[in-house]
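Let us take a walk through this structure together, one part at a time.

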Amino acid sequence: MSSPGVDGDPKPPCLPRNGLVKLPGQPNGLGTASITKGTPAAKNRPCQPPPPTLPPPSLAAPPPRAALAGGLCPQAGLPLGGPALAPVPGPPVERPPLATDEKILNGLFWYFSACERCVLAQVCKAWRRVLYQPKFWAGLTPVLHAKELYTVLPGGEKEFVNLQGFAARGFEGFCLVGVSDLDICEFIDNYALSKKGVKAMSLKRSTITDAGLEVMLEQMQGVVRLELSGCNDFTEAGLWSSLSARITSLSVSDCINVADDAIAAISQLLPNLAELSLQAYHVTDTALAYFTARQGHSTHTLRLLSCWEITNHGVVNVVHSLPNLTALSLSGCSKVTDDGVELVAENLRKLRSLDLSWCPRITDMALEYVACDLHRLEELVLDRCRTSG
């Protein structure tokens with residue numbers, strides 16, 4: 001359908017744009033009207049020229065940064081619509097396998113015992129690197145036998161083993177079994193931390209002499225805890241020449257040459273002694289009289305094990321010289337009777353632990369003394385005691 005123009009030429013009707021159709025004027029005088037064919041938002045909107053043609057996305061120039069930030073499209077003049085563009089993913093982050101993830105292994109290895117950790121450290125280098133941290137070995141003491149200290153070379157010569165693994169784990173104490181003076185010197189020379197880093201040293205069933213004991217304590221300046229067990233080649237003179245005032249804990253057991261004079265050396269040379277454990281068959285009551293007021297302030301633990309010659313008189317010397325004891329053992333002191341226990345109960349009121357095992361002369365009367373006077377006692381050992389009802 002067409003309408004005549006001003007010059008009489010037919011005029012093409014207005015093409016529909018955006019859902020609108022413009023109709024020519026009607027003779028009824030109502031003027032032009034618009035008919036909506038689209039959405040209500042487009043109602044009564046005048047006919048518009050066609051929008052400019054946009055090039056395909058692949059040919060269009062990239063929009064400026066302002067347009068990407070939410071501004072107007074520079075070509076169409078229209079706000080950018082649609083969802084935001086997803087970020088371009090980068091290369092994937094590589095994570096270590098779970099079996100070698102140190103964070104996981106640090107938590108996992110706490111569930112294993114010390115013996116199991118020794119085996120696990122041999123699995124691979126990653127596990128050994130994690131397990132060789134000192135936190136996994138705190139409070140443990142490695143035991144090295146004399147035959148384990150050397151490697152036999154093809155020519156028959158012996159070479160001292162590499163102890164770097166022990167240094168990495170930060171052990172503060174060592175127990176050497178069956179060693180000689182030469183073995184101890186080799187240990188000091190080949191273990192870099194021996195002179196300062198080792199705090200505790202234990203020698204068992206060894207042939208160390210007075211000279212070896214003196215060299216060890218002179219070179220290993222960090223040792224404050226010393227244990228000598230089954231060492232029959234050093235004498236009391238070796239204790240006089242080697243004991244240092246820095247020692248706070250001393251244990252001597254089953255050493256044939258230890259007698260009263262050894263206790264005299266201990267009492268005079270160790271003013272800071274906090275713990276003494278003594279197992280000697282030839283120590284008498286006289287030795288216990290050597291303790292002075294210096295030990296009375298510092299010594300809190302005394303263990304007299306199988307000291308067969310100790311009687312109630314020796315107990316008298318103990319309670320007067322060491323009034324601050326919190327732990328006392330008279331295990332195997334077979335000559336101590338109820339009277340000796342009464343002395344302990346009346347004078348050592350700070351005791352928390354008392355061991356009367358293997359004391360055949362202890363009866364129920366001794367238990368009555370303990371119950372009446374030792375109110376702080378937490379541990380009482382009566383194994384193999386013969387009591388009467």
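A residue is called buried when its relative accessible area is under 20%, exposed when that value is over 50%, and partly exposed in between. Keep these cut-offs in mind, and remember that the model is a predicted one. Arg303, with a relative accessible area of 31%, is therefore partly exposed. We will come back to Arg303 below.

Let us begin with the sheet. Ten strands make up an open sheet, in which the pairing is parallel and the order reads S5-S8-S9-S10-S11-S12-S13-S14-S15-S16. At its edges stand strand S5 (143-145) and strand S16 (379-381); each has a single partner strand, so one side of each has no neighbour in the sheet. From one strand to the next, the twist averages 5 degrees.

Now look at some neighbours within this sheet. Strand S8 (residues 173-177) pairs with strand S9 (residues 200-204) in the parallel sense, over five bridges. Cys175 has Ser202 in S9 as its bridge partner. Further along, strand S10 (residues 225-229) runs parallel to S11, and five bridges join the two. Here the bridge partner of Leu228 is Val252, in S11.

Is strand S11 mostly covered or mostly open? Strand S11 (residues 249-253) is mostly covered, with five of its five residues buried. Its side chains point two ways: Ser249, Ser251 and Ser253 go to one side, Leu250 and Val252 go to the other, and all of them are buried.

Next come the salt bridges, of which the structure holds five. One of them brings us back to Arg303, which forms a salt bridge with Glu275, their closest N and O atoms lying 2.6 Å apart. Because Arg303 belongs to strand S13 (residues 301-304) and Glu275 to strand S12 (residues 275-279), this pair ties together parts that are 28 residues apart in sequence. Glu275, at 25% relative accessibility, also counts as partly exposed.

Another salt bridge joins the side chains of Lys335 and Glu309, at 3.5 Å from N to O. Lys335 sits in the loop between strand S14 (327-329) and helix H13 (338-347), while Glu309 sits in the loop between S13 and helix H12 (312-321), so the pair ties together parts 26 residues apart in sequence. Lys335 is partly exposed, with a relative accessible area of 33%, and Glu309 is partly exposed at 35%.

Asp373 and Arg349 form a salt bridge too, with 3.9 Å between the closest N and O atoms. This pair links distant parts of the chain, 24 residues apart: Asp373 is in helix H14 (residues 364-373), and Arg349 is in the loop between H13 and strand S15 (353-355). Arg349 has a relative accessible area of 42%, so this residue is partly exposed.

Finally, turn to an earlier part of the chain. Leu108, Trp110 and Tyr111 form a nonpolar patch on the surface, and together they have about 390 Å² of accessible area. Leu108 has its place in helix H2 (residues 102-108) and is partly exposed, with a relative accessible area of 36%. For residues 111-137, an unreviewed UniProt entry lists "domain: F-box". Over residues 111-137 the chain is 52% helix and 0% strand, and the end C-alpha atoms are 13 Å apart.

How values were computed:
Residues are numbered from 1 along each chain as its sequence is written. This is a predicted model: local features need pLDDT of at least 70, side-chain atom pairs count only at pLDDT 80 or more; totals for chains, interfaces and linings use all residues. Side-chain values use heavy atoms; hydrogens and water are left out. Two strands pair if DSSP finds at least two bridges between them. Helices (H or I, at least four residues) and strands (E, at least two) are DSSP runs, numbered from the N terminus. Axes are lines fitted to C-alpha atoms, for helices over the stretch in contact, and angles run from 0 to 180 degrees between N-to-C directions. UniProt positions are given in the numbering used here, feature names are shortened, and annotations may be inferred rather than shown by experiment. Patches are made of residues with over 30% relative accessible area and no salt bridge: like charges are joined within 9 Å, nonpolar side chains (Val, Leu, Ile, Met, Phe, Trp, Tyr) within 5 Å. Accessible areas come from the Shrake-Rupley method with a 1.4 Å probe; for residues, only the protein chains shown count as cover. A salt bridge is a side-chain nitrogen of Lys or Arg within 4 Å of a carboxyl oxygen of Asp or Glu. Buried means under 20% relative accessible area, exposed over 50%, partly exposed in between (1.4 Å probe, protein chains only).
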